[in-house]
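Dear colleague,

I am handing over the structure below, together with notes on what came out of it. Please read the notes with the coordinates open beside them.

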Amino acid sequence: MVRSDASARGGRRGREVVFAVCTVLAVALGLLTGLGQRPAPAWGAGGGACQVSWTGNQWTGGFTAQVSIINSGAAVSSWTLTWTFAAGQQVTSGWNAQVSQSGTAVTASSLSYNGSVAAGGSVAFGLQGTWSGGNPTPTDFAFNGASCQGGSATASPTPSPSPTPSPTPSPSPTPSPSASSGGGSGCSAAVVCSGFEDQSGSSLGGDWTVAAPDCSGAGTVTVDTAVAHGGSRSLRIDGRAGYCNHVFAATTKNVSAVGPVVYGRYWVRHTTALPADHIAMVTMEDAANGNKHLRLGGQNGALQWNRESDDATLPAQSPVGVAQSVPLPVNQWSCVRFAVDTTRQSMDTWLNDQQVPGLHDDGVPTADIDQQWLTRTTAPRPTTLDLGWESYGNGADTLWYDDVALGSAPIAC
């Protein structure tokens, strides 16, 4: 199972980083407050064609924005969102949409996988650009030609300066799972679909077992009836610092045939900000890599993927790379989703339905993001699923997991 390696325990140093936080409006207030930023007030009200949230981050001369749209009208099979940049900002790239600019007019158009938006449904995309003199948030959005002025929008938060511009994110190789799975844990068709409601006591049973590979220490796993995301039970992990204090809850379900894309989703709540040192929270044995683990955790205070076999990380642990990831909010439930393609190098990760640019592997090496990750060209083949806490240095935390799912189709939050 999970093994210690010298580089994982001794080769990492904390860096002071600036995070480019891209979130939906529902979690933007919590994340930005945690970063010491002030959320801007909303404007407008009424019945326009759409509602838009614009969550931005800027540094001297550059910016990124995550744009979320709620379709307030009838269902559409394709869409465009238009606006103007009042201060002459210039778009340099976009992801999850085709973004073009003519003068001050900007158009974002749907791609092949995200054109259909139901009435009341939502879609999101991101962009990067440059500015000089000023970078005000647009206010004249139109959805498929109809003004959103009667809807509502939330402007960018007060920008936090960044010493280094963010790299250009690449388009997503896999579509963001749609919000079609509703109610409860919303995963009845998945191989793993657990809200831990079948657990009868404080000790794990049924489809879950405790795993502490290689060595066992102070970490514990219990079924908690005091804290839950849905229902009345959750999985509680008391994770301790130090490698041998790792502990996991492992599913006994056979997930080796899930695919060709492995879609995962879990809700997590924790009490302590991610440390500078490397930690893992979700591990999966990779049959295409000698059963070494594919690990989703954190380092330098932000979420990251790590590969046990060669200690590669996604994103790279440079200030620019880490700034393309996000912290995991504390003391609140957060939804984490991922998609791992077993046929080619392609991975994506979403936090609360917003794609994390730094946790995006599209098979084309991008400096500070997936260039190091792509030194291995063989696609991973996950065959297990473990949830818990593993620290390769300093770092202890108490976590709760709930509404966990793993399957061959997208699973919504």
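In which loop is the place of Pro315? Pro315 sits in the loop between β21 (313–314) and α3 (319–322), where helices (H or I, at least four residues) and strands (E, at least two) are DSSP runs numbered from the N terminus. The peptide bond that joins Leu314 and Pro315 is cis, with omega about 5°.

Before going further, please note that this is a predicted model, in which local features need pLDDT of at least 70 and side-chain atom pairs count only at pLDDT 80 or more, while totals for chains, interfaces and linings use all residues. Residues are numbered from 1 along each chain as its sequence is written, and side-chain values use heavy atoms, with hydrogens and water left out.

A cis peptide bond also runs from Gly259 to Pro260, with omega near 10°, and Pro260 lies in the loop between β16 (247–251) and β17 (261–270).

Strand β20 (residues 302–307) is mostly covered, six of its six residues being buried, where buried means under 20% relative accessible area, exposed over 50%, and partly exposed in between (1.4 Å probe, protein chains only). Ala302, Gln304 and Asn306 point one way from β20, whereas Leu303, Trp305 and Arg307 point the other way, and all are buried.

On one hand, strand β19 (residues 292–299) pairs with β20 in the antiparallel sense over six bridges, two strands being paired if DSSP finds at least two bridges between them; Leu294 stands opposite Arg307 in β20. These two strands, β19 and β20, form a hairpin with two residues between them, and Asn300 in the turn has a positive phi of about 55°. On the other hand, β20 and β21 pair in the antiparallel sense over two bridges, and the bridge partner of Trp305 in β21 is Leu314. The hairpin of β20 and β21 has five residues between the strands, and in this hairpin Asp311 takes a positive phi near 65°.

Arg307 and a cavity

Arg307 lies over the face of Trp373, at 4.6 Å from the ring centre; the rule here is that NZ of Lys or CZ of Arg is within 6 Å of the ring centre and within 35 degrees of the ring normal. Both Arg307 and Trp373 belong to the lining of the second largest cavity, which also includes Asp286, Asn289, Leu294 and Gln345. A cavity is, on a 1 Å grid over the protein atoms alone, a set of points where a 1.4 Å probe fits but cannot get out, and lining residues have an atom within 4 Å of a point.

An open sheet and the aromatic rings

Five strands make up an open sheet in the order β6-β7-β4-β9-β10, with antiparallel pairing; its edge strands, β6 (98–102) and β10 (146–147), each pair on one side only. Strand β9 (residues 142–143) is joined to β10 by two bridges, and in β10 the bridge partner of Ala142 is Ser147.

One aromatic cluster is formed by Trp54, Phe63, Trp79, Trp83, Phe85, Phe125 and Phe141. Rings of Phe, Tyr and Trp (its six-membered ring) pair if their centres lie within 6.5 Å, and planes under 30 degrees apart count as stacked, over 60 as edge-to-face and the rest as tilted. By this rule the count comes to twelve aromatic pairs, among them the edge-to-face pair of Trp83 and Phe85, at 6.0 Å centre to centre with 80° between the planes. Trp83 counts as buried at 2% relative accessibility, and Phe85 is buried too, with a relative accessible area of 1%.

Further loop residues

Asn331, in the loop between α3 and β22 (334–341), has a positive phi near 60° although it is a residue other than glycine, and is partly exposed with a relative accessible area of 47%. Asp353, in the loop between β23 (347–351) and β24 (354–355), likewise has a positive phi, of about 70°, and counts as partly exposed at 33% relative accessibility.

With kind regards

Technical notes: On a 1 Å grid over the protein atoms alone, a cavity is a set of points where a 1.4 Å probe fits but cannot get out, and a pocket is an open set with protein on both sides within 12 Å along at least five of seven lines; lining residues have an atom within 4 Å of a point.
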